[in-house]
Amino acid sequence: MKHVILLFIVGVSIWALLPPRGGSSEVISSSVATREQGGVKYVIRVDPGPLYLPGLVPENAKAPVQGFRVVADAFEKLYPDTRIEFLGCPEGTREWLVTQLSSAQAPDIIQVNARDAWQDVRKHWYIPLDGYLDEPNPFVAKGEPGSIRWWDQFKYPVHTQSTRAPDGRIYNVSLDMIETGIYYNKTIFARYHLSPPKDWVEFLGIMRMLKAAGIPSPMLVEKRDFTDWGCDIIFDQMYGNMRPLMDLNYDPRRGEDLNGYLDWDEVTLLHRHGFFTPRDDRWRETFRILREWREFMPQDMAGTDFFKGFVTQQGAMLWASSLTLPRLVNDPHLGFEWGMFYLPSIPSSYSRFADGHPMSAVGGAANQYHVTNSSLSDTPAEMPFEQRMEKSERLKRTIAFLQFMCMPKNCNTVVNEITAFIPNIKGVDSRPELAPFDEFLTRHYSMTKWFFTFDLQFDEVLERMFDLYMNDGISLDSFLDWMQDNIDSASATMTRQHHPDFAPLEKTWESHAGMRKNYTDLPAEAR
Amino acid sequence: MSRSIPQSESRNYVPLYLILFPTFLLLAIFCLIPFIWAFVTSFYEYEVGAPAHFVGLSNYSTYLFHDHTLGESLGNMAFLTLFAVVVTVIVPLTIAKLIFSLSSPRASYVYRILFLIPILVPSVAVQLIWKDFIYSGTGLLNQFLNILHLSNLTRGWLSSPHTVLTSIAFIGFPFANGIQILIYYAGLTSISDSVHEAAFLDGATGVRKFLTIDVPLVLSQIKLLVILTLIGGIQSFESLFILTRGGPGFKSTVPGLWMYFNAFSFQKMGYACSIGVLLFLLILVLTVINLKFFRSSEDVTAASI
């Protein structure tokens, strides 16, 4: 009897180890999705991003969103052999992304931040879209924007261009834009006879006055946003008047608006010439200003709910993106009036490096749709990547869906269903509540995005050291030393991975020798 | 003297081996093979989806001689682990002794149950409670200080580089871990009555008896818990990931957490594996030291006979 029980346990254990019957084949068929399924030849799986997922009810909204489903239904009518499936994916979970992409199991179209994609483009996990963007969008009528080049459909191509990968290619398209701004409590401002500041000096004055008046944290901003956006805007203020000198690689594809944007190779070369080191006075000034500003933010930057702080009037100003708008617009219990302004410029009276040019925009493409290697599943994996791209019918259908999404009517259906993003397709207006962001987006783009310049390790270390510096964990000198190490290390990694040719940049640097004489504050190595 | 097992008798063990087989198979699949794979990978520069390049001991030398996080993260790990070891040895043992000393068996039973109940709360929930309700800017600790008119002492306990490590160490205060209490309690109950009587006759009572009789006789339990705490302290990083992600800066980073970031955020699999192998060696050395140089209660008993 004892043996019977023991053998039974063994049998159950072995049975438990077996895969469920038919389970694995189902997974394969739905992911490969090229098998005939009742007349359906292509099942294209789309991750529309957390706010657009059909059936999901956004915060404070009354009904679930359906925009993407409506457009997908229209596409399926046009192509009866195609079915579009939507699925939610974990946001910001790199482990998930890597496992899905490495096994070609990710959705065919996935919403992922460009910097996450950059890490993996050399592994052919994402499809470069340049070739398609240079061709007409077949759904656009003759004479309309996009009928010659798909690119022409985008209202803010400059911002899309800023998501160009280190290999120079574009791997995503965006139907929508996101921008930041300062939400301010008009009721508190009126109480102290304040109005939106005209320059940085006034801005600091307002924060000082509010703090003295007992508002615990006049300025509210998420810790990570402060690192990301803060570094970029102050950097742009400090170096903006040196843009022609620092821009070593003019990329005609980017257009004039993004002329002067610093890519990682330019930052690397400038760094070799003493920029962004402890000897660079502008660099030092950038972080001094940020540290001074931090005094008006909550003591506990990591453990504070900033939106809650704003709606409960613990703070008077909230630096946040347009994503915050629906929460404020739909909040029935808000006990105050609010308004918006953009960060004011830094005058030369405050910093000798500033020239008072308007503060730059730091937002950009919101939902960044990338086409993944799953879309090539109808071609043999051993075939060269370029050939697979050429041969895959499934990829063509996936791209067709993206192009269909970019039709003004479809973009309007999706983007304007919620009040969080600014449409990026010509011919589609923003919702009236987003009007301030429309204006903010027209500002010149930041000279670089420090969080997007190098690799993910650089970002992680930057965030950590910045946090430490902002919380008095290290001095400004130590911070700048550490930053130098971080740039050195990231430059070395990127150079090893991408093998860039620095010679043309060096040549441009040499040709700027005359220009450099006009600046007396350059680091010694750069003079 | 060993005896050979007759063939008929050895056949009786077959079902037992069969029972062990699935366990061993799972252990091999999920522990042994990954360990061997990790050891081999540690000699490569390997990123998922990209070709691997053999780099010899480069990952090890980079981590040991060029990684800025090494010193700080080892220091953090040592502090948190030693704190946990000290707490594990002192608090649950003291509580177990107090429960053991209760004259009423019913009260002893009730207290054992009461100390066990908190282990039903998932540890992630415990971490989040401490993070959001106790240590946050508007949390209990700061509110309490405000009530005491000590507002100048309030701070972001987990965001300040000066308090983050101590704050993490104190999570779980008053450190009355139910399982550890039970292990010590079991050790105390295994001490024979004759030992207690002899101690009483020799005049050893109270704290003196506890230190000179009870503690040496539960050394096996202490040793077990110290080893488990050491291994846990060196390996675990989940709570730090939840609480601070190792920040601010690297003020609460431990090598395990840095290994995780390298593997899954930066995709430096080879480098992460080299950190993992070094942690394995560290645990191995500490365990061997513990087993070799710390006496168990059996050694104490044997020595006293």
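## Basis of the model

Helices (H or I, at least four residues) and strands (E, at least two) are DSSP runs, numbered from the N terminus. This is a predicted model, in which local features need pLDDT of at least 70 and side-chain atom pairs count only at pLDDT 80 or more, while totals for chains, interfaces and linings use all residues. Residues are numbered from 1 along each chain as its sequence is written, and chains are lettered from A and ligands numbered from 1 in the order in which they are written.

## Cis peptide bonds in chain B

The bond from Phe173(B) to Pro174(B) is cis, with omega near 10°. Pro174(B) sits in the loop that runs between helix H8 (164-169) and helix H9 (178-189) of chain B.

A cis bond also joins Gly247(B) to Pro248(B), with omega near -5°. Pro248(B) belongs to the loop between helix H13 (238-243) and helix H14 (255-265) of chain B. Most residues other than glycine have a negative phi, and most peptide bonds are trans.

## Positive phi in chain A

Phe276(A) is not a glycine, yet its phi is positive, about 55°. It lies in the loop between helix H12 (264-272) and helix H13 (281-294) of chain A. A residue is buried if 20 or more other C-beta atoms lie within 10 Å of its own, exposed if 12 or fewer, and partly exposed in between, with C-beta atoms placed from the backbone. Phe276(A) is buried, with 23 other C-beta atoms within 10 Å.

His499(A), also not a glycine, has a positive phi of about 45°. The loop that holds His499(A) is between helix H22 (476-498) and helix H23 (503-511) of chain A. His499(A) counts as exposed, with 7 C-beta neighbours inside 10 Å.

## Helix H5 of chain B

Helix H5 (residues 105-116) of chain B has twelve residues and reaches 17 Å from its first C-alpha to its last. This is close to the 16 Å expected at 1.5 Å a residue, the expected span being 1.5 Å times one less than the number of residues. H5(B) is hardly covered, with one buried residue among its twelve.

## Contact between the chains

The contact takes 31 residues from chain A and 27 residues from chain B, where two residues are in contact if their C-beta atoms, placed from the backbone, lie within 7 Å. On the side of chain B that touches chain A, helix H2 (14-41) and H14 of chain B each supply at least two residues. The largest share of that side, four residues, comes from H2(B).
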